[in-house]
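Colleague: Please take a close look at one part of this model for me, the place where the chains touch. I'd like a plain walk through it, with the cut-offs spelled out as you go.

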Amino acid sequence: MDLYGQEIIELYKNPPHKKKLTKPTFKKSDENVSCGDKLTLYLITDKKGKITKASYTGTGCAISQASANIFIDEIIGQKLSAIKKIKEEEFIELLQIPISPARRKCATLILKIIKN
Amino acid sequence: MVDLGFVRKDFPILKKRVNGKRLVYLDNAASSQKPVVVIESIKSFYENKYSNIHRGLHELSQEASEEYEESRKYIAKFFNAKTEELVFTKNATESMNLIAYSMLSQLKKGDEIIISQMEHHANIVPWHLISNIKKIKIKSIPFNQETGLIEPQTLKKNLTKKTKLVSLTHASNVLGSINPIKELSKTVKKYNSKIIFGSDLAQSAPHLKIDFKKLGIDFGVFSSHKMLGPSGVGGLIGKTEFLNELAPFMGGGDMIKSVSHKKITYQKPPYKFEAGTPNIEGVIGLKAAIVYLNRIGMKQIREHELGLLKTLMNEIKDLDYLEYYGPKKIKQRTGLLSFNLKNIHAHDVSEILNQQGIATRSGHHCAQLLHEHLKIDASARASFYLYNTKEEVIKLVEGIKKTKEVFS
């Protein structure tokens with residue numbers, strides 16, 4: 001699949017999850033200083049630790065933004081504790097985008113936020 | 001108009017295909033490709049003359065030493081410097097670190113060092129490292145954002161009684177600006193002739209004829225790999241008076257005159273600064289690179305690159321979604337362009353260009369402070385050299401247009 005296949009471009013142009021959440025139970029930011037990808041992740045979890053709502057805000061390259069959207073799709077309905085255990089390799093597989101080593105940092109920024 | 005298309009056959013790597021497309025190598029500001037003569041010179045040295053230098057009485061050692069020192073003489077002449085004014089290092093960055101650390105013994109708390117807001121990290125970090133050791137003040141002077149140049153008046157305003165050293169880039173690796181180093185040096189020396197004035201020549205030496213004497217600088221640094229030579233070799237050109245006062249940097253063999261338990265005496269420059277076995281074959285390779293550059297002619301190379309820039313500027317003038325940085329006047333630039341496309345991140349631009357076989361760079365290009373001043377996160381950069389062609393410039397612009405399409 002082409003790195004800039006329709007899905008990535010669509011997600012970059014019309015990101016479904018790009019918005020703030022009011023009164024999030026989890027809010028964290030991080031960035032790739034070397035290139036300027038910045039993301040803030042918002043989560044609302046219920047009493048059992050299940051993610052009921054998730055969103056992000058930020059700027060950066062198409063890969064960082066698209067992967068944020070794909071990731072958020074995956075985590076809604078899951079337990080935060082389980083998500084924190086996801087390994088980087090599993091995450092890359094989940095994205096189904098052919099990421100070169102040079103772009104890994106872009107793709108995994110959103111994962112970094114939830115794991116740290 | 002100068003066309004150097006005939007040089008391409010001298011560079012084997014340019015025949016390569018990338019992602020099924022002909023390689024269009026536009027990342028020369030990062031590093032340059034090597035001509036056959038450079039490759040052959042190193043191979044030949046290994047096959048016929050290799051031995052350690054300055055150390056032996058045997059035949060090979062003498063031949064190797066002779067060739068190494070002949071290379072020094074030839075390379076120094078290329079820069080119009082005296083042979084003993086050329087110190088070989090690993091690269092321009094190491095040369096800068098050498099000066100910074102070696103200057104420490106001459107500096108005291110409260111002294112000031114001036115750099116600029118457009119510098120590469122190699123001309124920022126070493127000064128900061130030593131400023132922590134002796135509480136030296138580092139002043140970073142602004143450049144004219146309209147023209148992309150450092151102005152003598154701005155420098156003059158920042159000189160004080162405490163200024164001990166000024167280090168400014170000759171050509172910017174992001175803006176492409178060619179700074180008026182001669183005038184800047186005059187400004188400093190007129191204020192106080194004792195202030196050391198040096199320049200980072202890493203981006204200018206490969207593309208412009210450098211006359212060390214005429215520039216009026218106390219030191220200049222350059223890297224071999226950016227000027228068709230092998231990596232792992234660089235130079236520090238320094239006036240003899242300046243090098244004589246400088247403390248040694250690395251200690252070890254070759255840089256000492258005598259070692260006893262009580263006392264160590266050091267060699268004169270340049271040997272004072274060349275401890276241990278150097279990159280012997282690298283220096284041989286660099287000499288071959290400079291022989292090649294001399295054959296083509298630095299003036300021809302400059303004209304050729306100006307032609308490429310002219311084509312590029314013409315092709316992009318109607319692209320309202322493209323923003324570039326640095327001087328608008330072509331003659332004030334080296335052959336590179338850093339740019340951004342509206343609403344598209346620099347990394348994505350380089351990625352899509354890469355898919356078409358076009359090699360560019362994106363990020364902050366080791367100049368984070370500069371990007372902060374330009375108020376951008378990152379930029380994409382295309383940089384030319386003597387083997388790039390007008391066709392490749394057009395391919396670059398087509399690639400830029402395609403990138404815009406992908407994101408529409």
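Modeller: I'll begin with the ground rules, go on to the chain-to-chain contact and its charged pairs, and finish with some spots inside chain B.

Residues count from 1 along each chain as its sequence is written, and chains are lettered from A and ligands numbered from 1 in the order they are written. The model is predicted, with local features needing pLDDT of at least 70, side-chain atom pairs counting only at pLDDT 80 or more, and totals for chains, interfaces and linings using all residues, while side-chain values use heavy atoms, with hydrogens and water left out.

Chain A puts 19 residues in contact with 16 residues of chain B, where contact means heavy atoms within 4.5 Å. Together the two chains bury about 1300 Å², and carbon and sulfur atoms give 49% of that. On the chain A side, Tyr4(A), Tyr12(A) and Cys35(A) supply 36% of the area buried against chain B, more than any other three residues. Buried area here is the accessible area (1.4 Å probe) that two parts lose on being put together, summed over both.

A salt bridge is a side-chain nitrogen of Lys or Arg within 4 Å of a carboxyl oxygen of Asp or Glu. The interface also has 6 residue pairs in polar contact, both partners at pLDDT 80 or more. That term means a pair of N or O atoms within 3.5 Å; within protein, one must be able to donate a hydrogen and the other to accept it, and residues adjacent in sequence count only if both atoms are side-chain atoms.

On chain A, the elements that give two or more residues to the side touching chain B are α1 (6-13), β2 (37-45) and α2 (62-75). Of these, α1(A) gives the most, with 3 residues. Helices (H or I, at least four residues) and strands (E, at least two) are DSSP runs, numbered from the N terminus. Sorted by class, this side of chain A has 10 nonpolar, 4 polar and 5 charged residues. Ala, Val, Leu, Ile, Met, Phe, Trp, Tyr, Cys and Pro count as nonpolar, Asp, Glu, Lys and Arg as charged, and the others, Gly among them, as polar.

With Glu351(B), Arg103(A) forms a salt bridge whose closest N and O atoms are 2.6 Å apart. Arg103(A) also meets the side chain of Asp348(B) in a salt bridge, at 3.0 Å from N to O. For the cut-offs, buried means under 20% relative accessible area, exposed over 50%, and partly exposed in between (1.4 Å probe, protein chains only).

Chain B has a salt bridge within itself to set beside those: Asp27(B) and Arg361(B), with the closest N and O atoms 3.2 Å apart. This one links distant parts of the chain, from the loop between β3 (24-25) and α1 (36-48) to strand β16 (residues 361-363), 334 residues apart. Asp27(B) is buried at 8% relative accessibility, whereas Arg361(B) is partly exposed at 39%. Back in chain A, Glu88(A), Glu89(A) and Arg104(A) are linked in a network of salt bridges.

One last stop is Asn123(B), in the loop between β5 (112-116) and α4 (125-134) of chain B. Asn123(B) is buried, with a relative accessible area of 0%, and its side chain makes a polar contact with that of Glu119(B) at 2.8 Å. Beyond neighbours within four places in sequence, the residues in contact with Asn123(B) include Met96(B), Ile115(B) and Asp200(B).
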